[in-house]
Amino acid sequence: MTTSTITTPPRPPVAAPAVALDDVTRTYKSRAESVHALRGVTHAFATGTYTAIMGPSGSGKSTLLQLAAGLDTPTRGQVSISGTDLGRLGQNALTKFRRTAMAFVFQSYNLLDALSAFENVALPARLAGQRIDRRAVHDALDQVGLRDLARRRPTELSGGQQQRVAIARALYGRPDVLFADEPTGALDRTTGRDVLDLLRSLADGGQTVVMVTHDPLAASYADETLFLADGQIVGRLRHADATAIAQRMSELEQR
Ligand SMILES: Nc1ncnc2c1ncn2[C@@H]1O[C@H](COP(=O)(O)OP(=O)(O)OP(=O)(O)O)[C@@H](O)[C@H]1O
């Protein structure tokens, strides 16, 4: 008779969340007053998820995005990206880390009109003195559905296509996290939906997306919407439709 030993298969390592905020507080101090922009926010943005952040004006959305992206330092608390505590990095290391770990998309596309879509996507790497990986540029344009328009200049593209070039530029360095600040704010409904579909498909492919928006329709594309008020997370809705999100927003605005 043979004896068999039962071995437990090794557990896969638990992946660190793409972005983790732990008790993050940001107070702006001036001689006259202290403004508590964020008050002890704790949240983990899991890898491959799409999160919308909403809240009334002044609730702390931009502050949260700036802190999560390492563009500002919390007064208290900790921000980690893929397990790296940003507070432990010196300024040079932080700049290098930010270049590879994260990318931004804004309401304004910030493309250079004199350059083609291809050259715009390659520009940040060029400015950083890196060799351009032409295939990666084409792959990024492919990801946003613009491979065939690589030679066009921004003035020869629609607003939605220009925003997709900006997203391709953000994706070129394969960032862990894509931060988006009102990415559809300058677009009409139809082209806005194309961009939101694209962000959704990126998250479905494993990209982590964190988006600040005022638009409940935009937030309805996310897995989860976080609601901020007075510098705190005061609510969250998962897989909610635009009507439910708008309802929650109007309740917050009446507080
Ligand atoms: N540099 C600063 N100095 C002083 N106070 C600031 C500074 N930046 C932001 N604040 C204050 O912090 C609070 C949060 O601001 P924040 O810009 O994060 O809000 P928001 O939700 O993004 O607003 P909006 O939707 O209007 O863009 C506000 O009261 C704002 O006035």
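1. Strands here are DSSP runs of E with at least two residues, helices are runs of H or I with at least four residues, and both are numbered from the N terminus; two strands pair if DSSP finds at least two bridges between them.

2. Residues are numbered from 1 along each chain as its sequence is written. Because the model is predicted, local features need pLDDT of at least 70 and side-chain atom pairs count only at pLDDT 80 or more, while totals for chains, interfaces and linings use all residues.

3. Contact here requires that the C-beta atoms of two residues, placed from the backbone, lie within 7 Å, and angles run from 0 to 180 degrees between N-to-C directions, with axes fitted to C-alpha atoms and, for helices, over the stretch in contact.

4. A second open sheet has four strands in the order β2-β1-β4-β5, with antiparallel pairing. Here β2 (34-45) and β5 (84-85) stand at the edges with a single partner strand each, so one side of each is left without a neighbour in the sheet. Strand β1 (residues 19-29) pairs with β2 over eight bridges in the antiparallel sense, and Leu21 has His43 in β2 as its bridge partner. Helix α1 lies across β1, β2 and β4 (76-81), running at about 120° to β1.

5. Which residues are around the ligand? They are Tyr28, Val35, Ala37, Gly55, Ser57, Gly58, Ser59, Gly60, Lys61, Ser62 and Thr63, where a residue is near a molecule if its C-beta atom, placed from the backbone, lies within 6 Å of it. Both β2 and α1 supply at least two residues of this shell, and the largest share, three residues, comes from α1. By class, the shell has three nonpolar, seven polar and one charged residue, with Ala, Val, Leu, Ile, Met, Phe, Trp, Tyr, Cys and Pro counted as nonpolar, Asp, Glu, Lys and Arg as charged, and the others, Gly among them, as polar.

6. The axes of helix α5 (residues 159-171) and helix α6 (residues 189-204) come within 8 Å and cross at roughly 25°. The two helices are therefore roughly parallel to each other, a term used for angles under 35 degrees. The contact is made by Gly159, Gly160, Gln163, Arg164 and Ile167 of α5 with Thr191, Asp194, Val195 and Leu198 of α6, and it has three nonpolar, four polar and two charged residues.

7. The axes of helix α3 (residues 117-127) and α5 also come within 8 Å, crossing at roughly 35°. In this contact, Ala117, Asn120, Val121 and Pro124 of α3 meet Val165, Ala168 and Arg169 of α5; five of the residues are nonpolar, one is polar and one is charged.

Methods:
Angles under 35 degrees count as roughly parallel, over 145 as roughly antiparallel, 65 to 115 as roughly perpendicular and the rest as oblique.
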